[in-house]
Amino acid sequence: MSMLSFDFMRRALLAAMLMGVAAPAVGTFIVQRRLALMGDGIGHIALTGVALGLLTSTSPVLTAVIVSVIGAIAIEVLRGRGRTGADVALALLFYGGIAGGVLLTNIAPGGSTSNLLSYLFGSISSVSRQDLYVVVGLAVAVVAVITLFGRELFLLCQDEEVARASGLPVRFLSMLLAVTAALTVVVAMRVVGLLLVSALMVVPVAAAQQLTRGFKSTVLVAMVFGVLSGVGGLYAGYQRDLSPGPAIVVIALILFVVAVAARWLTRGGLPGRRPRPRASHGHERARDQRHAVPAPVDSDAEVTS
Amino acid sequence: MTDAVFNLTAGEVRLDGRLVLRGVDLTIWPGEVLAVLGPNGSGKSTLIRALLGLIPLSGGRTEIYGQPPARFRDWRRIGYVPQRLTVGGGVPATVREIVSSGRVARQSRLRPPSRADRDAVDRALAAVDLSERGRHSVHQLSGGQQQRVLIARALAGEPDTFVLDEPTAGVDAASQAALAAALRGLVHRDRTVVLVAHELGPLEPLITRCIVLNDGRITHTGAPPRPVGEHALPGHDHVHPHGPADSAGPLATWEPGP
């Protein structure tokens, strides 16, 4: 491919592939934990980090890492405090992140908000060698965390109380997952931009779970979809002179639609896949009903029953 | 007192400002099979979650194997079976993945699952009669089968003490039978079992002690209360709290599944 003859395209391709692997890997856990939009929140906060980098003339990628990790920890602490007020506190963090980012950039010498655009929407072709080193380091860290702590994170995301009753360090693991998500946000920031970061953590997972039966296979298929989207979007952007970031997200969405269609066409037809329980277990269901006790309406009811 | 499994003294729990447990004293000894009965909202689930330290006490104190929950470290001795499978964000998981996660307290981070881990998971699946379903997605199973998966997850950890929150709620007859068989196996191996139930059904002969909760207080301790009249019918979920303590009879008749 002629696009590989350019140095910047080779760097862009590597960055896109690393993001394609890292973002869905973390994303699967985040989605199962019902924190799909956490990536968006961290992305907003990371903008302040980018602006701090511009202001102090250090690498915006590095300052974004620091600020988004602090932001992720703050989000977890607020979440842990219980529901009351946590929403609003989170909203304050998110909007504070955007507003702080724009204001700090204005203050920066020679800074204009147009500098921020490449971070908001991605600017994969301007990835410097130094950026790439940071991105490689972060992606390795993300994959290492998922490999080492995957079993514990899986149980945490399945049922936090069971995780606690199994002696897992639940608070530490929640923080670890949030911090890993923050690192992923920065990996993806240069590629798809902060506003679309979450898409790569969520959409490939949503696509993969149409086709899989297990958690591990969902992670792996989502990574394949992530890399396909990254490489495909970059190539399409290069060929047609489009912004690669949005092109990557659009390809991920197309993969999702194709996965839904494939599932719909083969429903019940995949080897070993059981049809919906309602259809095949009507008899058993009927028995269930007969023995049933009134189901708790929500989690609060479960607490008091 | 240090050899009690759970030791709750004057336990009080407040949820959203409401007193849900009002001064409960409960000591559970090794080898006991204790059933916690009582109507909806009487504080059954709250009681066992307080025993495990999953919700904080607003008064009194509790110990697990002689340690307050915050300082207790030997969690591999405890197997907790929650009321239901959480769906979360809906990412699929296979039966085997869920059951294997019950081994997590026994595994090291750096080592892949060992032969012993895989064997324990195989035994747990067999114990609840789901050996054939290991590769299926849990979300495609019936409610009763999902309940069995959760029990298998606890079994896989090979704990000394099992704490089950309503294992029989909404469970089909085949699953009730599998559950009773699994519990019988535990009782034979002198495990401690604490279970919350609406109805005991086929589990009833295994129970060594019952407590009945009403409005956050223990109102009955002793043998399982005897059902009266139509209360004995299967599917009837009302528990009669004031049965004579000495007359242990079947709470509900149970027909084996097809």
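In which sense do strand 1 and strand 2 of chain B pair, and over how many bridges? Strand 1 (residues 6-15) and strand 2 (residues 18-28) of chain B are antiparallel, and eight bridges join them. This is a predicted model. Its scores are ipTM 0.84 and pTM 0.84. Chain B carries two open sheets described below: one of three strands and one of six.

**Confidence**

- Chain B has a mean pLDDT of 84. In that chain, 86% of the residues reach 70 or more.
- Among the elements of chain B, helix 2 (residues 95-100) has the highest mean pLDDT, at 96. The lowest, 85, belongs to helix 5 (residues 173-188) of chain B.
- Residues 229-258 of chain B stay under 50 in pLDDT. For this stretch the model has 60 contacts beyond four places in sequence.

**Overall make-up of chain B**

- Chain B holds five helices and nine strands.
- Read from the N terminus, the order of elements in chain B is β-β-β-α-β-β-α-α-α-β-α-β-β-β.
- Of the 258 residues in chain B, 52% are buried.
- Take the contacts in chain B between residues at least 6 apart in sequence: 69% of them join residues at least 24 apart.

**The three-stranded sheet of chain B**

- The strand order is 2-1-4 in chain B, and the pairing is antiparallel.
- Strand 2 and strand 4 of chain B are at the edges with a single partner strand each, so one side of each lacks a neighbour in the sheet.
- Neighbouring strands of this sheet are turned by 25° against each other on average, direction ignored.
- Helix 1 of chain B packs on this sheet and touches strand 1, strand 2 and strand 4 of chain B. The direction of helix 1 makes about 120° with that of strand 1 of chain B.
- Strand 1 and strand 2 of chain B form a hairpin, with two residues between them. Asp16(B) sits in the turn and has a positive phi of about 50°.
- On its other pairing, strand 1 of chain B runs antiparallel to strand 4 (residues 59-64) of chain B, with five bridges.
- Asn7(B) has a partner in each of these strands. Thr27(B) is its bridge partner in strand 2 of chain B, and Glu63(B) stands opposite Asn7(B) in strand 4 of chain B.
- Gly11(B) has Val24(B) as its bridge partner in strand 2 of chain B.

**The six-stranded sheet of chain B**

- This open sheet has the order 5-6-7-3-8-9 in chain B, with mixed pairing.
- Its edge strands are strand 5 (78-81) and strand 9 (217-222) of chain B, and each pairs on one side only.
- The twist averages 15° from one strand to the next.
- Strand 3 (residues 33-37) and strand 7 (residues 192-196) of chain B pair in the parallel sense, over four bridges. Val36(B) stands opposite Val196(B) in strand 7 of chain B.
- Helix 1 (residues 44-51) of chain B lies across strand 3, strand 6 (161-165), strand 7 and strand 8 (209-214) of chain B. Helix 1 runs at about 145° to strand 7 of chain B.

**Nonpolar core**

- Nonpolar side chains tend to be buried together in soluble globular proteins.
- Here the largest nonpolar core has 164 residues. Those with the most contacts inside it are Ala46(A), Val187(A), Val36(B) and Ala152(B).
- Which residues does Val36(B) contact, leaving aside its neighbours within four places in sequence? They are Lys44(B), Leu47(B), Ile48(B), Val194(B), Leu195(B), Val196(B), Ile211(B) and Leu213(B).

**A helix pair in chain A**

- Helix 8 (residues 170-192) and helix 9 (residues 197-208) of chain A have axes that come within 7 Å. The axes cross at roughly 110°, which means helix 8 of chain A is roughly perpendicular to helix 9 of chain A.
- Helix 8 of chain A contributes Thr184(A), Val185(A), Ala188(A), Met189(A) and Val192(A) to the meeting of the two helices. Helix 9 of chain A contributes Val197(A), Ala199(A), Leu200(A) and Met201(A).

Methods: Residues numbered from 1 in each chain as written. Chains lettered and ligands numbered in written order. Predicted model: local features only at pLDDT ≥ 70, side-chain atom pairs only at ≥ 80, totals over all residues. pLDDT = per-residue confidence, 0-100. Contact = placed C-beta atoms within 7 Å. Pairing = 2+ DSSP bridges. Core = buried A, V, L, I, M, F, W, Y, C linked by C-beta atoms within 7 Å. Buried ≥ 20, exposed ≤ 12 C-beta atoms within 10 Å, placed from the backbone. Axes fitted to C-alpha atoms, helices over the stretch in contact; angles between N-to-C directions. Parallel < 35°, antiparallel > 145°, perpendicular 65-115°, else oblique.
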